[in-house]
Amino acid sequence: MTPLTLFSEPFARTGNIAGEGFRRLLGRPALGLLQTVIREALQNSVDAAPDGNSVEVKLRYRVLHGGELEQFKALAFPELPPGLSEPQTQVSEDTEIRSSNTALLGSRLGIFEIADFNTSGLAGPTRADEISEVEDPDFVNFFRNVGAARDTNLGGGTYGYGKTSLYALSGCSTIIVDSQTTCAGQPVRRVMGCHLGNAYQDDHEGAPKRYTGRHWWGREDGDGGVDPVEGEEATQLANALGFPARDKARTGTTIAIIAPHIDEDAELSSDLVESVLWNFWPRMCATTPADRKISITLEVEGREIPIPAPEEFPPLDLYSKALAKARAGEGKPVESLRYKAKLGNLAIVHGLRSPRDGIAQKEGSLIPSHSAHIALMRPVELVVRYLPGEAYPSDRVEWAGVFICSDKPDIERAFADAEPPAHDDWIPDMLPKGREKTLVNVALREIRQEAQTYAQPKSLAISSRQKGPSVAGTATKLGKLLGQTSSKGPGRRASGGGGGKRKKISISAPRFVKLDQIDNQLVAVFEADLSNDGSDPGMRLHAAPQLVIDGSLEDASDLPAGYEVSLLDIRLQDGEAHPDQLSIGSQGGIVTCRVAMPEDVAASVKFTFWKGDEA
């Protein structure tokens, strides 16, 4: 098998961008480098999926040794460009000192691969000056051009600069790409490597010549340039290099990042899992339409790493519920009154704070220990960033929100243009003064306002030293949490009985009356109206405490530590208090229940009638 051939790009008469300038295009994203690479690469995979195709992605880290490594280097890097062919140390912009080439000269080599399937691959011509009427110029936009404009309607990417993060993650600024794609409508397999170095001058041929620092490994094109290896030779080479298997039906691209900046002693597996989940959970939910889903598998040094479903990975369970509401249009519309435009839909849900997965418990985890954030998205449903808000006073309850901007082209374009090259924020100041800037500013202002005030009306805010809390004020606040129970306030009788039909023996829905404190224990007092015609003297009334969250009642018999609610007693009118039930005989009137509960957690009471030993 013929090894790849090295080609170093000379400066053209009209000029080129130097390799070091290319590397700086990424800027300084707010995210970590590994997370940036995963975001950018998977975002490109989503954009490259034809309409109706779900996307499969495999992330794999492997280490080559011995004969396997020697074969890899002999086929992929038979010749190294200046800067990689001899030991050299460089200083990066953030003053971190690193070796630029020891990985390619050493006895082991780490490789991080991002492989997608069911995408279009790097299609089109391989020369930047060729035009295709059949495919988009994906190959030249990835390998040759710099800063190509977005060509995917409502796509995740906007600049094409994300590819620079691939080189940044490589300890030697080098990648190799394997793509099963099409050219002129025909299937084709392509393999090519690229290195981004610094511009330099070389006079080994007798005349000084300047080079950009960009180098490719491929096949000489016979015209002073280089093309990828194609066809059956590319298939054999990809197999020999150990890339994931694919055929003509499994179109897509594998990007191999050579000698990645990955600390093998750290928790690489958990870093990959949380990066995938935190950034791509909207495309992984059970409710995501099949044609928009992304299926991701992880492998680290031959070991498969499971990825939990978002619905089973707190707090993404709450974000998944918020996303479903936002998709269904059940959230709050965010609007611009000036331009009479709907800017997007905002949905927020709250719930009990569930214990975090072990992945989310490590120091420096992306996953917040107490969620109070709004995930910002465009219609492509890739998370741009999480906007923090005001948390509940108690860490027992948390909330999560989702904002999806409008899919109207002019509005979506405004948000897309407000993103920096790393696509990790919306920055209105990037836009010129005018309508688009105003739309993004208004949306962010409204979203921030909601994030800062959402938890306030639902907070009880009761101090343990506070005696005799305001009945009316606290009842109103508690009523907002109770959801399904009466929120009419104290002293007002709830209409209707316990069921839809009028019964001879019935009881109204419980209504909150006041909060007391008994031995430093917060106690909620509830009342209900019992109607009884005396037709069943053996009837008993049973009361059970309930935890109320997100408008629903949770059985108090199986609650996690710190959430326990308990019924202190039940009594009829001014009669004797009983632990949990009353023999009502022919009596009626006001039933009073007292429920002990933690601070900032809402409680209620559930009534059932028992006859004899049966409920």
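## Backbone, helix packing and cavities

P315 lies in the loop that runs between β14 (303-305) and α9 (316-327). In this predicted model, the peptide bond leading from P314 to P315 is cis, and its omega is near 5°. Most residues other than glycine have a negative phi, and most peptide bonds are trans.

N118, which is found in the loop between β5 (108-117) and α5 (138-143), is not a glycine and yet has a positive phi of about 70°. S173 is placed in the loop between α6 (163-169) and β6 (174-183), and its phi, near 50°, is likewise a positive value in a residue other than glycine.

Helix packing comes next. Two packed helices are described by the angle between their axes and the distance between the axes. The table gives these values for two pairs.

| Helix pair | Angle | Distance between axes |
|---|---|---|
| α2 (residues 33-47) and α8 (residues 268-280) | about 50° | 10 Å |
| α10 (residues 409-417) and α11 (residues 435-453) | about 80° | 9 Å |

On the α2 side the contact is made by L34, Q35, I38, R39, L42 and Q43, which meet L268, D271, L272, S275, V276, W278, N279 and F280 of α8. Sorted by class, this contact of α2 with α8 has eight nonpolar residues, four polar ones and two charged ones.

For the other pair, the angle is about 80°, and α10 and α11 are therefore roughly perpendicular to each other, as angles of 65 to 115 degrees are counted. Here D410, I411, R413, A414, F415 and D417 in α10 meet R435, E436, L439, V440 and A443 in α11. The residues of this contact of α10 with α11 comprise six nonpolar and five charged, with no polar residue among them.

Rolling a probe the size of a water molecule over the atoms shows where empty space is left. In this structure there are four cavities of 30 Å³ or more, and the largest cavity holds about 50 Å³ of space. Ten residues line the largest cavity, and those nearest its centre are Q43, R378, L382, V384 and E419. Both α2 and β18 (383-388) supply at least two residues each to the lining of the largest cavity, and by class the lining residues divide into four nonpolar, three polar and three charged.

Notes. Residues numbered from 1 in each chain as written. Predicted model: local features only at pLDDT ≥ 70, side-chain atom pairs only at ≥ 80, totals over all residues. Heavy atoms only, no water. Axes fitted to C-alpha atoms, helices over the stretch in contact; angles between N-to-C directions. Helix = DSSP H or I, 4+ residues; strand = E, 2+ residues; numbered from the N terminus. Contact = heavy atoms within 4.5 Å. Nonpolar A, V, L, I, M, F, W, Y, C, P; charged D, E, K, R; others polar. 1 Å grid on protein atoms, 1.4 Å probe; cavity = no way out; pocket = protein on both sides within 12 Å on 5 of 7 lines; lining within 4 Å. Points joined across faces, edges and corners; volume = space filled by probe spheres on them. Parallel < 35°, antiparallel > 145°, perpendicular 65-115°, else oblique.
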